[in-house]
Amino acid sequence: MLSTSRLREFRHARMRAMDRFVARMRAEAAASPDGASVWVLRNARFAVFCILLDMTFGLLDLPEEHIVRIDAVMKRVLLAVGVRMDDYLPFLRPFFWRHQRRALAVRREQVDTLLPLIDRRRSILRGAASSPPDPAVAAPFSYLDSLLDLRVEGRGGAAPTDDELVTLCAELIN
């Protein structure tokens, strides 16, 4: 996945992320009161997030609004699954039931957000058997492709479940 030959395949994703970065910086500068103030780190983080999404799912035509929504969900996941006291003292777990319910709701939201991207990549790969995918829509390779080819030995060579795919993709994105 991270070999130099594979990284070259994502040149278009990097170029598109840089274009988004520059466009966001210009729009933010134009909207600022003094006409020049921008949040560089926030916009640079968003550009890197766009590259990681492209590398993970291989979907090159995601609209910016959808990427922003995915980013917000991933941030909520990170905040919901932080280290808590009941992780170290399990006998306190009944007192943290609200946190657990919130974490489960955020996980459901994460699955609902990322699973359509996984299903879309699956359909692109099924269609690629007859004709190659459109380079403007899908990358020739993604991290998800290697996960879809993965077989788990302990389960008789079964493929990972959808929830496991969501977890593995989310780990790369974050």
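**Close-up views of a predicted helical model**

**View 1. Helix 3 and its buried residues.** In helix 3, the buried residues are N43, F46, A47, F49, C50, L53, D54, M55, T56 and F57. This is a predicted model, so keep that in mind for every view here. Helix 3 covers residues 40-57, which makes 18 residues. From its first C-alpha to its last it reaches 26 Å, close to the 26 Å expected at 1.5 Å a residue.

**View 2. Helix 6 meets helix 8.** Here you can look at helix 6 (residues 97-128) and helix 8 (residues 162-173), whose axes come within 9 Å and cross at roughly 95°. Angles of 65 to 115 degrees count as roughly perpendicular, so helix 6 is roughly perpendicular to helix 8. On the helix 6 side, the contact is made by R107, Q110, V111, L114, L115, I118 and R122. Helix 8 brings D162, D163, L165, V166, T167, C169, A170 and I173. Sort the residues in this contact by class and you get nine nonpolar, two polar and four charged.

**View 3. The largest nonpolar core.** Which residues touch the most other members of this 30-residue core? They are L53, F57, L114, I118 and L144. Helix 2 (11-31), helix 3, helix 4 (64-80), helix 6, helix 7 (143-148) and helix 8 each give two or more residues to the core. Zoom in on L144: setting aside its neighbours within four places in sequence, L144 is in contact with T56, F57, I118, R121, L165 and C169. There's also a second, separate core of five residues, and F10, A13, L60 and A139 are among them.

**View 4. D71, an aspartate in helix 4.** You'll find D71 in helix 4. Is D71 buried or exposed? With a relative accessible area of 7%, D71 is buried, because the cut-off for buried is under 20%. Not counting residues up to four places away in sequence, D71 touches R45, F46 and F49.

**View 5. T161 in a loop.** T161 sits in the loop between helix 7 and helix 8. Its relative accessibility is 38%, so T161 counts as partly exposed. Now find D61, which is 100 residues away from T161 along the chain. How many Å separate the C-alpha atoms of T161 and D61? The C-alpha atoms of T161 and D61 are separated by 26 Å.

Terms used: Residues are numbered from 1 along each chain as its sequence is written. This is a predicted model: local features need pLDDT of at least 70, side-chain atom pairs count only at pLDDT 80 or more; totals for chains, interfaces and linings use all residues. Side-chain values use heavy atoms; hydrogens and water are left out. Helices (H or I, at least four residues) and strands (E, at least two) are DSSP runs, numbered from the N terminus. The expected span of a helix is 1.5 Å times one less than its number of residues. Buried means under 20% relative accessible area, exposed over 50%, partly exposed in between (1.4 Å probe, protein chains only). Axes are lines fitted to C-alpha atoms, for helices over the stretch in contact, and angles run from 0 to 180 degrees between N-to-C directions. Angles under 35 degrees count as roughly parallel, over 145 as roughly antiparallel, 65 to 115 as roughly perpendicular and the rest as oblique. Contact means heavy atoms within 4.5 Å. Ala, Val, Leu, Ile, Met, Phe, Trp, Tyr, Cys and Pro count as nonpolar, Asp, Glu, Lys and Arg as charged, and the others, Gly among them, as polar. A nonpolar core is a set of buried Ala, Val, Leu, Ile, Met, Phe, Trp, Tyr and Cys residues joined through side-chain atoms within 4.5 Å.
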